[in-house]
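Please open the structure in your viewer and keep the selection tool at hand. The tour makes two stops.

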Amino acid sequence: MQTQLCELLGIEYPILQGGMAWVATAELAAAVSRAGGLGIIGAGNMPPKLLEREIKRVREYTERPFGVNVYYLSPFVEEIIETVIRNRVPVVTTGAGNPGRHIHRLQENGTKIIPVVVSVALAKRLARLGVDAVIAEGMECGGHIGELTTMALVPQVVDAVDIPVIAAGGIADGRGLAAALALGAQGVQLGTRFVCARECTVHQNFKDMILKAGDRDTVVTGASTGHPVRVIKNRFSREFQRREAAGASRAELEALGIGKLRAAARDGDIQWGSVMAGQIAGLIRREMSAAEIIQEIVGEAKEVITSWKGVF
Ligand code: TUI
């Protein structure tokens, strides 16, 4: 199972791991890259020195390509970009903003740039500026979301640009990979499934909450602040929604969210923390190694695609 995307990134399977802040550390990124996918460090709000340490640690575990996700709401965006360039990181993915001003500098230094897009307009704008590929992320995903579903967004982005499109949001198994390929994507990005990888260093409570979740256990908080975030329902999400419904100001709601992802992901506070996860959480039932996850997904996708031949 090889697509042009595999060639572009120098990977074996067209599977990227979401660059999740506080979750996607060097251990997870290296495990995914060693298994033939693209592992990605989530820089989130990390200070640049810490990111540099994570990059060095990935390189201690693997010589394969890997990426860094740059979160455009971080106070350190410019320094993070400098760190990525200085360390010759093979791939940068971006989220929560427009990376237009950094595209050429990254590419001049040999870094591929693959932004997350949540609309056709942004995909077209970035394709015109020369990005290497885009990740079309539907609102089924965990964390910071756009408005469109994966099913609607991916084929519209595929038709609008001439570069590879990677589908994300609501994908966790081989059926999802096959469906994404059917929509014209050249690969997939999985977040929630890889949170439950054995090598993922997130707090065990966080993994267990995903493993126990059902199909209706996520909710979107913060739509009124302009930063809608999908999380698993808990005391924090209920309190957030209560205040949102009571007309709390944007500043109050944003203050309520500060430090909550860290509390859930690192300290294991899954009641008062923000347990970001996608709607596909209900499909994920057990912890497996990154290599087992990738092998299972590729095997399932091949089975699905082969079975279509009997239909037509
Ligand atoms: O970035 C994500 N998902 C995330 S980031 C994150 S970290 C966080 N921590 C605490 C509170 C809130 C978040 C958790 N999940 N996904 C990619 C993504 N990008 N989703 C939406 C967008 C996006 C939105 C607008 C991308 C571009 C964009 O463009 C705006 C513009 O300037 O045109």
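Predicted model: local features only at pLDDT ≥ 70, side-chain atom pairs only at ≥ 80, totals over all residues.

**The ligand**

Select the ligand and the residues around it: 14 residues surround it, and the closest are Y71, A96, E137, G143 and H144. Sorted by class, this shell holds 7 nonpolar, 5 polar and 2 charged residues.

Next, go through the nitrogen atoms of the ligand. Show the backbone of A96, where an N or O atom lies 2.9 Å from a ligand nitrogen. At H144, a backbone N or O atom likewise lies 2.9 Å from a nitrogen atom of the ligand. Then display the ligand surface; taken alone the ligand exposes 720 Å², and the protein buries 71% of that.

**The helix pair**

Move on to helix α11 (residues 235-245) and helix α12 (residues 250-257), which pack with their axes 10 Å apart at an angle of about 175 degrees. Angles over 145 degrees count as roughly antiparallel, so α11 is roughly antiparallel to α12.

To see the contact, select F236, F240, R243 and E244 on α11, and E252, L253, L256 and G257 on α12. By class, the residues of this contact comprise 4 nonpolar, 1 polar and 3 charged.

Technical notes
Residues numbered from 1 in each chain as written. Heavy atoms only, no water. Axes fitted to C-alpha atoms, helices over the stretch in contact; angles between N-to-C directions. Helix = DSSP H or I, 4+ residues; strand = E, 2+ residues; numbered from the N terminus. Parallel < 35°, antiparallel > 145°, perpendicular 65-115°, else oblique. Contact = heavy atoms within 4.5 Å. Nonpolar A, V, L, I, M, F, W, Y, C, P; charged D, E, K, R; others polar. Near = heavy atom within 4 Å. Polar contact = N/O pair within 3.5 Å; in protein donor to acceptor, adjacent residues only side chain to side chain. Areas by Shrake-Rupley, 256 points an atom, 1.4 Å probe, with all protein chains shown as cover.
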